Amino acid sequence: MVLVFSDDKKLTLEMLSKGSELAKELGKKLTAVVIGKNDDALAKEYIAHGADKVFVAETDIESFKAEEYTELLESIIKETGAETVLIGSNKNGKELAPRLASRLNTGCVTDCTNLYFKDKKLTTERIVYSGNAIAVEQFNSKPQIATIPSKVFDPLPKDDKHTGDVVKKKFDVEKSASKILKIQEMKSEGVNVEDAEIIVSCGRGFKNKDDIKLVDDLAEILKGRTVGCSRPIAADLKWLAEEHWIGLSGHKVKPKLYIAAGISGQIQHIAGMRDSGVIVAINKDPEALIFKSADYGIVGDLYEILPKLTNAVKEKMG
Amino acid sequence: MNIIVCAKQVVDVSEMKVDSSTKKPILQGVPQKISDIDKNAMEEAIKIKDKHGGKITVLTVGPADAKERIKELLAMGADEGILIPYPDKYDYHVVSTLLTEAIKKIGEYDIILCGEASIDLFSGQIGPRLAGLLGIPQITYAQSVNAEKDKITADRNMGDKSVTTESTYPVLITVTKEINEPRLPSLMQILGAANKPINDWTVESLADGLNPKIDAVELNGIPMERKNIIYKDNVDESVKNLVDSLAKEGVLR
Ligand SMILES: Cc1cc2nc3c(=O)[nH]c(=O)nc-3n(C[C@H](O)[C@H](O)[C@H](O)COP(=O)(O)OP(=O)(O)OC[C@H]3O[C@@H](n4cnc5c(N)ncnc54)[C@H](O)[C@@H]3O)c2cc1C
């Protein structure tokens with residue numbers, strides 16, 4: 001059996017798509033796991049998107065804790081005999097999957113960008129060395145656990161004729177010695193760089209926080225209106241919130257157009273934007289690494305170039 | 001307070017080159033270093049020790065030359081290092097089992113600190129696996145911690161939210177790069193580190209019959225083919241050329 005779990009609905013739907021492909025190839029059933037309260041509408045939706053079964057683990061756990069979710073999934077895997085387990089690679093999933101793998105004494109591959117059978121073995125691909133390479137790996141034992149980031153697979157179209165069972169079971173979980181004291185939503189302006197079609201990004205080439213207006217202005221006239229940034233702007237200077245941060249430890253983006261101004265182009269930044277359509281770089285250093293990853297570039301002072309570029313784009317677009 | 005810091009020697013990814021014909025990354029001859037975020041874990045361990053006293057042990061599974069890297073952590077403030085060689089074949093299951101057995105052999109510990117992930121492969125498996133094998137709580141992605149006598153609290157960076165978690169000891173904590181700025185040891189500390197012990201522990205003394213659950217098949221390059229059209233002369237002309245090109249690409253709509 002192929003089992004899919006994430007606390008993120010969208011990600012679960014994406015994984016169900018890949019999961020049903022794998023299940024078909026194995027001649028096995030596909031099960032989606034829901035943890036917490038039963039939710040008929042959610043179960044229906046999972047079934048309409050490919051699940052043959054929805055396993056609802058009813059518990060009184062209020063918030064996610066890796067220790068407790070691990071115990072739950074361990075029981076569910078043992079009970080269902082699942083051999084292939086896909087877990088959504090959000091922050092919760094990424095700390096859950098390896099702990100679960102350790103409890104089951106088994107293998108786990110995180111952040112898979114592809115998943116298929118080769119020589120009858122489940123084979124995974126993931127990006128390593130900060131975007132320098134793809135590692136191809138194979139499981140040699142079961143259960144096999146893979147985590148899948150969002151937007152790697154497209155959900156199946158909704159099929160209301162697809163049928164499936166909903167199974168409910170109560171679980172008592174041993175409480176972890178850790179305690180959640182506070183959950184604080186981060187200040188958000190509702191920026192979503194991951195869905196943006198056009199992104200204009202700033203880096204340490206900007207001297208003051210107020211100068212970010214220069215990228216704002218350009219982004220404003222380009223469809224998308226999204227501003228991104230390198231790590232130091234969000235993490236060290238805190239001029240922009242984390243939702244703008246692009247790179248290995250920030251968001252991974254693939255807009256049609258990515259403009260990087262005053263960004264040197266270190267590999268950890270490239271790791272977040274390398275799949276962009278057209279990449280443009282503006283940097284005063286002709287040797288800057290960013291030009292190697294760019295389709296177009298202008299060597300020069302961003303303080304001179306950005307206002308001119310904004311005007312020229314405005315004119316061109318009418 | 002007994003603190004164990006797990007640190008990995010990694011290739012410096014910013015120094016990696018790609019073979020121009022095969023497009024595969026060249027792994028030989030790349031400078032090695034302690035994974036950046038493991039140094040943040042080390043720094044946090046020192047801060048906790050400064051407050052509560054105790055001992056910091058650095059634990060590494062790595063090649064023989066990792067000893068030089070462990071010395072850097074001893075210079076920063078660790079008391080002792082332990083190096084376990086890589087077995088012929090290994091994956092996260094194998095490495096985390098070896099680390100767990102080593103931790104059990106060390107015996108007494110209150111806090112295990114790791115980086116949230118190593119900067120070469122960025123899997124983030126070791127921390128949660130160790131906590132799972134040891135059956136202790138895990139606090140991952142910590143961006144600040146406050147260690148008290150019999151409990152520890154941490155603010156965890158969960159992207160769109162910050163979660164404050166508390167735990168008793170023993171506990172495993174993984175830290176983010178933002179948690180602190182790792183110190184640079186002084187010359188005195190570097191010289192002093194030469195007298196601190198680094199013990200070699202064999203694989204056989206910790207576990208036998210260990211086999212990976214994952215087999216590496218191949219490592220492929222990711223071709224980054226870009227046009228690399230760079231305008232560098234007159235700014236006005238450069239801007240005009242760029243806008244014309246972008247219009248042709250169809251991205252100005
Ligand atoms: C584990 C790890 C994870 C990381 N994750 C990320 C990540 O997710 N995202 C990320 O971005 N980084 C990340 N980094 C950091 C990364 O290595 C770089 O340090 C960072 O990207 C540099 O940011 P920057 O380009 O803005 O600054 P700098 O490297 O300082 O570059 C500034 C650039 O601006 C140019 N410049 C200066 N003035 C002007 C001017 N007037 N006009 C035009 N150009 C000008 C300079 O020539 C220079 O190229 C990570 C690092 C590590 C170790």
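Is Cys6(B) buried or exposed in this structure? Let me begin with the ground rules, and then come back to that cysteine. What we have here is a predicted model, in which local features need pLDDT of at least 70 and side-chain atom pairs count only at pLDDT 80 or more, while totals for chains, interfaces and linings use all residues. Residues are numbered from 1 along each chain as its sequence is written, chains are lettered from A and ligands numbered from 1 in the order in which they are written, and side-chain values use heavy atoms, with hydrogens and water left out.

So, to the cysteines. Cys6(B) has a relative accessibility of 6% and counts as buried, where buried means under 20% relative accessible area, exposed means over 50% and partly exposed lies in between, with a 1.4 Å probe and protein chains only. A disulfide is taken as a pair of cysteine sulfur atoms within 2.5 Å, and by this rule the count over all chains is zero. For Cys6(B), which is in no disulfide, the nearest cysteine sulfur belongs to Cys114(B), 4.2 Å away. Cys229(A) is likewise in no disulfide, and for that residue the nearest cysteine sulfur is that of Cys202(A), at 5.6 Å. Cys229(A) is buried too, with a relative accessible area of 0%.

Let me turn to the ligand, which lies between chains A and B. There are 28 residues around the ligand, and those that come nearest are Ser230(A), Ser249(A), Ser264(A), Gln268(A) and Asn283(A), where a residue counts as near if one of its heavy atoms lies within 4 Å.

Leu248(A) takes part through its backbone, a polar atom of which is 3.0 Å from a ligand oxygen.

Finally, a word on chain B, for which the domain assignment gives domain 1 (2-200) and domain 2 (223-253), such bounds coming from an automatic or database assignment. The C-alpha centres of these two domains of chain B lie 44 Å apart.

Note on methods: A polar contact is a pair of N or O atoms within 3.5 Å; within protein, one must be able to donate a hydrogen and the other to accept it, and residues adjacent in sequence count only if both atoms are side-chain atoms.
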